[in-house]
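I opened the model and kept notes as I went. The entries below follow the order in which I looked things up.

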Amino acid sequence: MLNGREKKAVGVETIGMTMRFGAFTALDDVSLKVPAGSFHALLGENGAGKSTLVKCMMGFYRATSGDMLVEGREVKIASPKDASALGLGMVYQHFTLVQSLTSAENLVISREGVPRVIDWRKERADLARFMETMPFELPLDVPVSTLAAGEKQKLEIVKQLYLGRSFLVLDEPTSVLTPGEAQEVLGFVRAMTVAGDVTVLMISHKFPEVKAFADDFTVLRKGKVTGTGRVAEHDRKVMAAMMIGDQPIATLDSRAPVTRDARPVLTVRTLKAPDRTGLKTIEIQDLSVRSGEIVGIAGISGNGQKEFLEVLAGQRQRDAGEVLVKGAPYRASRVEAQTLNVRFIPEEPLRNACAPKMTVAENMSFRNFDLDTSGKPVNWINGRVIKAFAAGLVEQFKVKTASLSSPIESLSGGNVQRAVLARELTGDVDLLIVSNPCFGLDFSAVAEIRARIMEARNAGAAVLLMSEDLDELLELSDRIFVMSDGALVYETPIAMASVQTIGEHMAGHH
Amino acid sequence: MTEIASGPVASTLGGPALAGALEWAARRAEGLVIPLAALIVGMALFSIFIMLLGKSPAQLFDLMWRGGFGSWFSVQNTLSRAAPLLLAALCVALPARLGLVVIGGEGAIVLGGVAAAAMAVLVQGAPALIGVILMGIAGAVAGGVWIGAVGALRHYRAVNETISSLLMAYIAIALMNHLVEGPLRDPASLNKPSTHPMDPAFVVGAVPGMDVHWGLVAGIIACVISWILIEKTRWGFAARIAGGNVRAAQVQGLAVGPLIVGFCALAGAFAGLAGMIEVAAVQGNANASLASGYGYTGILVAFLARHNPLAIIPVAILLGGIDASGGLLQRRMDLPDATVQVLQGMIFIVILFSETFYGRLRVFNPDLWKRPA
């Protein structure tokens, strides 16, 4: 099993790969060449065909036409088994490790043909020898659940090497990592490609990491290759243009200055609430968000951001402390939210802010179905009024939907988020609480959604933005807090913000 | 990959008026065609069962038609049986719109009947209309408290409502047995322990021109009111949001707890009313016959109607007809009296299975008509 390490990196090539689903062409004559030992970035918006291409290469899909070469020889990959026999492996965006088992156990059970009775002494010895060939240490004997995200991602990659893979596809490998962890993991991958141990094809949305680590890149748009070349010879703008074509990209409004005497809209004082496990406490000592500013909260997921949001949204009981909106105690009832103009956009809008099987029109009316045009409560629902209201918003926010009567779950992620933004950003907004608004969305949707948030800020809304995407926080925020272990541990105005320092606080190194 | 269309709304489906009508029709037809198909498949499976018994399915369905709908007498018999099914089905359908699977309507029916019978004894001699109204209120309150408690346990204590409602139905039946054999027993009821017979003035009679009691009308009105509540009022809309996604409802500040308890209480009140009608129109007092399975058949009715209160009306009549034909099947074809239950069980399984087809069939789903380009 360990002789895989003696294999060297292999080169992989696709020629004229085409994949049709019915009348829909997901991949159109895609040729891609990844020479042995290179680090290749695969760029493209959501739905551009990146994952379809990778799934064809890995044997999850059978391409309609086209060939695949490994080390210059034509190969048929009919199933994932064929792919692994050829030394091709994939690391997914989300972890595929068994949380309750140790790293060593995860490695051993991932192997094909594990004996029915495992000789752990022998396996451990083999593993120790294997780890000596790796450039870093990993704790092998603790449950995976106790590892940090970066360590888990490293373990995923190590697992592929342990299985003897010599060509790796990494699907957005840094999306769950802190900036520091991302640097470290990609540096490690980079070093292995340089040493000729492995060839890497990385799917990514993030230009900085592509610039820093990849040799070559290929861009897909609507299933076609729109550009390829050396990373060093192309700048970010050129690559972005290849990704999105000539469609206009929303640009941020210039940032209106925050007036010095802007009134605080949201004030949180000595708030205490239990976290998900009930064992730890979320404590927010003092946080205020003023009208016309965006306050960003950075942090690795699982450090209490979710619970803090749930308290603000009235989904979680608090033990102590107060939440004030415009000076009035706020308990997140519907009437309070309506009279104080508080809007809430949770992450994963389809899961948290929509009723998936209800229609687009109905979903867009959730905020005001019980009010008439002058804001007075009404008891009767009028389907026509709801549709007319939604039709206006769909037009204004460019929500792409087959019909207003389609269930909202039939929309793409970006359009669900547009629909939710349309619902929450109309009318007067005094306080906007947003969480990971762009998670999983494509380039143009991200730009547009950030522009909308900035617009709301410039119109005088106080915005509390929680995000795991540091770039997003740096782009939008006026002030950034770092949340770690249930508390706000660091604050910096945007002018003084450094990725380095923020990252260290996120990782709890202070 | 999941982009649906690239133009503005409705421009993707050809001429807006025709396309709109087609789309509307397709979305509506889904909820009609799939349950009907499931019903037919269920009956086909049942035919196999009948053939295995060495009998003729053709003769069976012929008898079933005659027993349920073939004559004015059988139609009236069918409608009488449909009356409690309407209310029992609402006890399932209303919580279902909030995402709750309540299957213990039988308990609310039983307690509603006992409460109504007790009230009848209490207000003996009162004017007829007042007596009937008080009996109705007693039945509705008893049933409402029972199922309302199921909703409260679910929302505030995370007790699974399916299990708790079923277990509470057993408790309700045991409670009824205790009451009619003990504190509320009419000493004159020797063979079949019962409560005191109610004042004859309180008897709910027949609808003029028919041999069907007013319970049928009450059931139809309850269905219409429920439909209006769900489709046309803010509370119904809020309930649908909560049923579609509790987290979304909470983020919108909707009072999910009161909604759940309120809808469950209303559902239980309807079932309790069914028990009251059984007492006031059929039995004349409360006894063990109250637990005759209407609550369970109501589950099937609600699922076949896809929890749409208006659809419950025809479905309850259909199931009432199947029920009504049971005696005839037994006599003419020498089939065991559980035969009808076998049919109901088969239909129910097929109905549950058919749930997986919703949104998947291209002809009913306009969102699949236009593939992404």
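I began with strand pairing: strand β3 (residues 39-44) of chain A runs parallel to strand β9 (residues 216-221) of chain A, and five bridges join the two. I take helices (H or I, at least four residues) and strands (E, at least two) as DSSP runs, numbered from the N terminus. I call two strands paired if DSSP finds at least two bridges between them. In this pair, A:L43 stands opposite A:V219 of β9(A).

This is a predicted model, where local features need pLDDT of at least 70, side-chain atom pairs count only at pLDDT 80 or more, and totals for chains, interfaces and linings use all residues. Residues are numbered from 1 along each chain as its sequence is written, and chains are lettered from A and ligands numbered from 1 in the order in which they are written.

Next I followed β9(A) to its other partner. Strand β10 (residues 224-230) of chain A pairs with β9(A) in the antiparallel sense, over six bridges. A:F217 stands opposite A:G229 in β10(A). Two residues lie between the strands of this hairpin, and A:K222 takes a positive phi near 50 degrees there.

Is β9(A) buried or exposed? Five of its six residues are buried, so β9(A) is largely enclosed by the rest of the structure. Buried means 20 or more other C-beta atoms within 10 Å of the residue's own, with C-beta atoms placed from the backbone; exposed means 12 or fewer, and partly exposed is in between.

I then checked the domains of chain A. The bounds come from an automatic or database domain assignment: domain 1 (2-244), domain 2 (264-341 + 428-510) and domain 3 (354-425). The centres of domain 1 and domain 2 of chain A, taken over C-alpha atoms, are separated by 34 Å. Nine residues of domain 1 of chain A are in contact with 10 residues of domain 2 of chain A; contact means C-beta atoms, placed from the backbone, within 7 Å. On the domain 1 side, α6 (179-194) and α8 of chain A are the elements that give two or more residues.

Last, I looked at confidence. I read pLDDT as the predictor's confidence in each residue, from 0 to 100. Chain A averages 87, and 97% of the residues score at least 70. Over residues 1-5 of chain A the pLDDT is below 50, and this stretch has seven contacts beyond near neighbours in sequence. Where pLDDT is low, the predicted coordinates should not be read in detail.

Methods: Contact = placed C-beta atoms within 7 Å.
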